[in-house]
Amino acid sequence: MGNFDNLNSSIKIGPVELKNRYVVAPMNETFAGAVGEATAQYIAYFAARAKGGFGLITTGAIMGTKLASKYVWGRNPYLFSPLHIQGMSLFNETCHHFGAQTAAQMTIGFGRQGHSDDHHELTPAATGGLPYEVAVEKSCHPLVDDSFRRSEIAREFLVGQNTFEMSIDLIHSEQKEYARSIQLAGKAGFDAIDIHGPHGYLEHQFLSPLSNKRTDMYGGSWRNRKRFLLEVAEQTRYAAGNGIAVGCRISAEEHMEGGLTREEMIDVAQDMQAIGIDYISLSDGAGYPENGHLVPDPERWAHWPDAAADFKKALKIPVIMVGAHDPVLAESILAEGKADLIALGRQSFVDPELPNKVAAGNIKDIIICKRCNICLSRSLADCGGPRCPHNPILGREFEFPEYHMGPRRPNEPIMPRAVRGGMPSLQRPWWKSEVPYEEKNSIPFRGPGTR
Ligand SMILES: Cc1cc2nc3c(=O)[nH]c(=O)nc-3n(C[C@H](O)[C@H](O)[C@H](O)COP(=O)(O)O)c2cc1C
């Protein structure tokens, strides 16, 4: 039995103290309801992970604008209307009840990786025209699995929908709505906002020269391609107020010829730090067209600790890395200073109790994920949420009373953190500030080599 002092130690991300270094990685677990609401199963699923000892629970991508909600992948929760606060507030109270802090992974849109229910509609994107195409030979296991590839859903997944180029007016109105939604997330009781900028979604599409062919202020030069994400980060930071942590998830690199390099993504992370973002959470790869690094097998994951170390060396804010399923390996990554926090995706599906087992030094009881990717195939196919051959409870958590929070305890905080820490929803919205829009958003250029 090893020593897990690093994994079990507390850490602060911005104003939020976490009891340990374990994070539930953002995963669209497809348990939200038909109109994006937090269902009983959605809440109980996360309750099981909070009860299992995770310090921070990150939701899967939550659609932060009405337009974004029209182009989801399968089923995602929504948070762009006060009507969504009730369910998300219950989610937060439940996770807090079980001792975890919460982060809302808020997305401004999936861009060309979004899919409408009606596939004849258009999808919004950074660049007009051609849809993405998944190169099957580069994809991870479930996409090359014969039964999945033959299915209708696979055809929808392997080739994206046509897209249109967002006008500058549309970009700005989407950004405004997203910032308002960040304030709703604060009112719903989230401790942190996780800006969704990784693996080929809209923010990433703006960054990448492979997907951004615009010729206006949001395309072309590196400075212009960064503009969209940096604006979103600034607006989120402002809208969240000081009581809430704001992090950003990005890919460490694209792994495609002519695509984003690690050096460029470190530059983005440094810009985030300059804006006041509290942590960087790393994913990898260019997204669906290069699927192997989004949900990697051990071979495609092998370089991640060193990639995280490169980010960590360049930053002062904490770095979350994902995919170190084995706690002995995770502890050594922290001990060597390669990352600050360990996020677990599929591993948290199979063993929600992993952090408690690590805290008790009981690692022989941990069930390690076999990376069979049944969870992923089921989520992609949107057939009722993930299941796992090694965790019979996954998908049925709502049936178990131990994941219900019961009555309020006397010492339980009644007001959400954001409200206690300064009521961001009452702050002057940034778009009504005295500073003209263009000036407020003229982010100084800090491209590679200019520091
Ligand atoms: C079913 C499924 C859904 C996912 N959804 C998201 C998501 O909504 N947002 C995100 O940033 N990453 C998402 N991911 C990627 C995971 O957060 C994680 O980076 C990836 O699974 C690798 O970590 P792991 O080896 O611990 O699973 C998803 C992964 C899976 C398996």
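Asn373 sits in the loop that links helix H15 (354-359) to H16, where helices (H or I, at least four residues) and strands (E, at least two) are DSSP runs numbered from the N terminus. Its phi is near 65°, a positive value in a residue other than glycine. For background, most residues other than glycine have a negative phi. Asn373 counts as buried because 21 C-beta neighbours fall inside 10 Å; a residue is buried if 20 or more other C-beta atoms lie within 10 Å of its own, exposed if 12 or fewer, and partly exposed in between, with C-beta atoms placed from the backbone.

A quick word on the model. It is predicted, so local features need pLDDT of at least 70 and side-chain atom pairs count only at pLDDT 80 or more, while totals for chains, interfaces and linings use all residues. Residues are numbered from 1 along each chain as its sequence is written.

His199 also has a positive phi, near 20°, and is a residue other than glycine. You'll find His199 in the loop between strand E9 (192-197) and helix H8 (202-207). His199 counts as buried, with 22 C-beta neighbours inside 10 Å.

Zooming out, the chain has 18 helices and 13 strands. Of its 451 residues, 55% are buried. As for contacts (two residues whose C-beta atoms, placed from the backbone, lie within 7 Å), 76% of those between residues at least 6 apart in sequence join residues at least 24 apart.

Now the ligand. Which residues come nearest to the ligand? They are Ala25, Gly60, Gly323, Gly345 and Arg346, out of 23 residues around the ligand; here a residue is near a molecule or strand if its C-beta atom, placed from the backbone, lies within 6 Å of it. Helix H14 (346-350) and helix H16 (374-380) are the elements that give two or more residues to this shell. H16 supplies the largest share, three residues. Sorted by class, the shell has twelve nonpolar, nine polar and two charged residues. In this scheme Ala, Val, Leu, Ile, Met, Phe, Trp, Tyr, Cys and Pro count as nonpolar, Asp, Glu, Lys and Arg as charged, and the others, Gly among them, as polar.

Val350 belongs to helix H14. It is buried, with 22 other C-beta atoms within 10 Å. Leaving out residues up to four places away in sequence, Val350 touches Ile367, Cys369, Cys388, His390 and Asn391. Val350 and Lys370 are 20 residues apart along the chain, and their C-alpha atoms are separated by 9.1 Å.

Past H16, in the loop between H16 and helix H17 (417-420), there is Asp382. Is Asp382 buried or partly exposed? It counts as partly exposed, with 15 C-beta neighbours inside 10 Å. Asp382 and Arg75 are 307 residues apart in sequence, yet 7.1 Å apart in space, C-alpha to C-alpha. Beyond its neighbours within four places in sequence, Asp382 is in contact with Thr30, Gly74 and Arg75.

On to helix packing. Two packed helices are described by the angle between their axes and the distance between the axes. Axes are lines fitted to C-alpha atoms, for helices over the stretch in contact, and angles run from 0 to 180 degrees between N-to-C directions.

| Helix pair | Angle | Axis distance |
|---|---|---|
| H1 (residues 40-51) and H3 (residues 85-97) | about 20° | 9 Å |
| H9 (residues 222-240) and H10 | about 30° | 10 Å |
| H10 (residues 262-275) and H12 (residues 304-314) | about 40° | 10 Å |

The angle makes H10 oblique to H12; under 35 degrees counts as roughly parallel, over 145 as roughly antiparallel, 65 to 115 as roughly perpendicular and the rest as oblique. H10 passes H12 in a right-handed crossing (left-handed if the near helix is turned anticlockwise from the far one by less than a right angle, right-handed if clockwise). Arg262, Ile266, Ala269 and Gln270 of H10 meet Ala307, Asp310, Phe311 and Ala314 of H12. That contact has five nonpolar, one polar and two charged residues.

H9 and H10 are roughly parallel to each other, and their crossing is right-handed. From H9 come Lys226, Leu229, Leu230, Ala233, Glu234 and Arg237, and from H10 Val268, Asp271, Met272 and Ile275. By class, the contact of H9 with H10 has six nonpolar, no polar and four charged residues.

The crossing of H1 and H3 is right-handed too. Tyr42, Ile43, Phe46, Ala47 and Ala50 in H1 meet Leu90, Phe91, Thr94 and Cys95 in H3, a contact with eight nonpolar, one polar and no charged residues.
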